[in-house]
Amino acid sequence: MKSHLSALAIAATLSVSALALSGTAQAGATFDGVKQKGYVQCGVNLGLYGFSAPDDKGKWSGLDVDMCRAVAAAMFGDAEKVKYTPLSAQQRLPALQSGEIDLLARNTTRTLTRDTANGLNFTPTNYYDGQGFMVSAKLGLKSAKQLNGATVCVLPGTTTEQNVSDYFRANKMTFKPVVIEKNEELNKAFFAGRCDALTSDASQLAAIRAAEVQNPADYVILPELISKEPLSPAVRQGDEEWTNLVTWAFYAMVQAEEKGLTSETVDAAMTSPDPDVKRLLGVTAGNGKALGVEENWAYAIIKQVGNYAQSYERNVGAGSKLKMPRGQNALYTEGGLMYAPPMK
Amino acid sequence: MTNPVQALNSARVRGWLYQALFLACTLAVAWYLVSNTLTNLANRGVATGLGFLHREAGFEIGESLLSYTASDTYLKALVVGLLNTLAVSAAGVVLATVLGVLIGIGRLSSNWMVNRFATLYVETVRNVPLLLQLVVWYTILNRLPSPREALEILPGIFLSNRGMKFPVLVEHAGHGWILLALVAGIAAAFAVVRHGRRRREATGKPFPTLPAAIAAVLLPPALAFIATGAPLAFDVPVLAGFNFEGGGSVTPEFTALLIGLSVYTAGFIAEIVRSGILAVPHGQTEAGLALGLSPGKILRLVILPQALRVIVPPLTSQYLNLTKNSSLAVAIGYPDLVSVSNTSANQTGQVVEAVAMMMLVYLIISLAISGFMNWYNRRVALVTR
């Protein structure tokens, strides 16, 4: 029954959003609107540990939440000027298209369709993810290639089912899927041993492991990632000023990591002789004016939110329960994909 | 004969007019909804139509009555889902009926234990949401040991959290003959039953119908079995890699759904059976007693035939409920029509088509069950002589 309804809901939101699309797209409307109301309305996950989740006092934190906070810091010099709208996977695109939110930072994969036909603009990827497999450590598996004949628990609703079928077919292996619609039931079935492997985005597997298992070492995430999931914040098409601000707010965090600036050292760096650092922190003016905000916009981000490495380690890396290695999310200088264009 | 204004005073003309207006309004609303949806989908650049049915599905299905792989079409995937729905519904209807009749009779039993137990059963299963019951059954089945520590309940039959694995017969040319002999046996049994009834009606002498019919059914295949050289080779499940290989299997998802649907619906059927039996006047029982029939025979020959005409119509709606409730399968991972349709809709983005097809299929199934039950109802209805 529930699924009939959700399918109908998709159909309904599709038609609603189709109506909404025609009414948007005034240059600068979002940027000016945000400035006027004094806060950023940010669409986030309903609760995904490490990316966006409220604590017991209702305070949101996570890698995606830091993105919202960075934009607010750049705009207002205050990272707290954010209001959060928790969104389900089905609600997220219509919420942005209809103008309900200004920025969508909700572990959303950048795809061609979403970037074009759905009327969105994606800003740089803030987390490179991919679909992986989690298995019990007792099985002693080292590679997903050893999963021939396995039973795999799959969550429906995205491309997950097709990705896993493609992977097994490409490697001439067979498997039995167990497809359960509700996250909790699926996880319960997996941890009860109904399936040999659980498949989802690697970051989500780590989040599930952190939340459900007493000893995380009992379960391993196999090294193979079988799909590309570049999780990227998104904005509506038609407001380049706003797109620019969100884009460069993220790049500022990456640039700060590259230059070794942290929220602790940024004050001391104000006197740095490095011309790149001077431009980034607004000591040499120009960047702020070009973006339409105060010259100290990047300083505010680094001071209040931190650089990308700080945000990563605090939310999903070594300093968190997820313990995700940097992997593809390391700086390009360390073999990763994080690369900020020159900020001048 | 009259002018238009006078015609409006005629009840018949106004009746027609109102009906025409109502029909026009309904059609206009339907047209608006369809065209609005199509326009908006077109604006969004969403493809419409049923062309996707012939594209490669690209996803696996956990269990299937046909041989299915990810390289088959969406159409085949949907058929697999439909067959899964029909399989669990058909098995559920049979099981729920048997269980429901037993519990319903138990509710009327003069044995205190049986009576109270049946009451407890009915009150419990009817008043706990079905979804919750399904999750409970599924959780229980998932608590069974892993394949490596599977319980061997009977030689060759293994119970684990991957389901029940059992040996199946290896195909042999002789099986066709045995099957043929079985069909012949069933036909012979019908003849025996008819002969027995005729003799009883003509002479009043009882005829051992049941033993004779059983013998008629079983003897020919047994003879054929011996004649073809007793082809009895079993494909026994063995542990290999992650799971058992070979043999047949029933998954925990199917079992949990079947038990859940049957147990739940049986609660309602029991009440229907009870009310049906109570609807037969007590004088009928007394008349049976006066004729010297045993209580079992009274129930079978006097009460149930009369109770059936009260039971069948509400029973139909319980069968429909069970079939429609099988769509809760998505909650526990049984790949039924809804589950497969949802995945197809997600992958193709053609949600409207998928939902429309699902609705149409459930409508057809429900109408077919209704049609069959109405036919059966006419058969058991009392014929006034």
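Chain B has 12 helices and 8 strands in this predicted model. How spread out is chain B, judged by its radius of gyration? The radius is 28 Å. The globule rule gives 21 Å for 385 residues. The value for chain B is well over that, so chain B is more spread out than a compact globule.

Along the principal axes, the C-alpha atoms of chain B fill roughly 75 × 70 × 45 Å. Burial comes next. Of the 385 residues in chain B, 31% count as buried. Then there are the contacts. Take those in chain B between residues at least 6 apart in sequence. Of these, 67% join residues at least 24 apart.

**Domains**

Both chains have a domain assignment. Chain B is divided into domain 1, residues 4–43, and domain 2. Domain 2 of chain B is written as two stretches, 74–170 and 233–380. In chain A, domain 1 covers 2–128 and 231–334. Domain 2 of chain A covers 131–227.

| Domain pair | Separation of centres |
|---|---|
| Domain 1 of chain B and domain 2 of chain B | 43 Å |
| Domain 1 of chain A and domain 2 of chain A | 29 Å |

How many residues of domain 1 of chain A are in contact with domain 2 of chain A? The count is 11 residues, and they meet 7 residues of domain 2 of chain A. On the domain 1 side of this contact, 7 residues are nonpolar. Another 2 are polar and 2 are charged.

**A sheet in chain B**

Now back to chain B and its strands. Four of them, E1, E2, E3 and E8, form an open sheet of 4 strands. Their order is E1-E2-E3-E8, and the pairing is antiparallel. Which strands lie at the edges of this sheet? They are strand E1 (151–154) and strand E8 (248–250) of chain B. Each edge strand pairs on one side only. From one strand to the next, the twist averages 25°.

Look at one pair in detail. In chain B, E1 pairs with strand E2, residues 157–160. The sense is antiparallel, over 3 bridges. Which residue in E2(B) is the bridge partner of B:Glu152? The partner is B:Phe158.

Technical notes: Residues are numbered from 1 along each chain as its sequence is written. Chains are lettered from A and ligands numbered from 1 in the order in which they are written. This is a predicted model: local features need pLDDT of at least 70, side-chain atom pairs count only at pLDDT 80 or more; totals for chains, interfaces and linings use all residues. Domain bounds come from an automatic or database domain assignment. Two strands pair if DSSP finds at least two bridges between them. Helices (H or I, at least four residues) and strands (E, at least two) are DSSP runs, numbered from the N terminus. Axes are lines fitted to C-alpha atoms, for helices over the stretch in contact, and angles run from 0 to 180 degrees between N-to-C directions. Two residues are in contact if their C-beta atoms, placed from the backbone, lie within 7 Å. Ala, Val, Leu, Ile, Met, Phe, Trp, Tyr, Cys and Pro count as nonpolar, Asp, Glu, Lys and Arg as charged, and the others, Gly among them, as polar. The radius of gyration is taken over C-alpha atoms; the globule rule is 2.2 Å times the number of residues to the power 0.38. A residue is buried if 20 or more other C-beta atoms lie within 10 Å of its own, exposed if 12 or fewer, and partly exposed in between; C-beta atoms are placed from the backbone.
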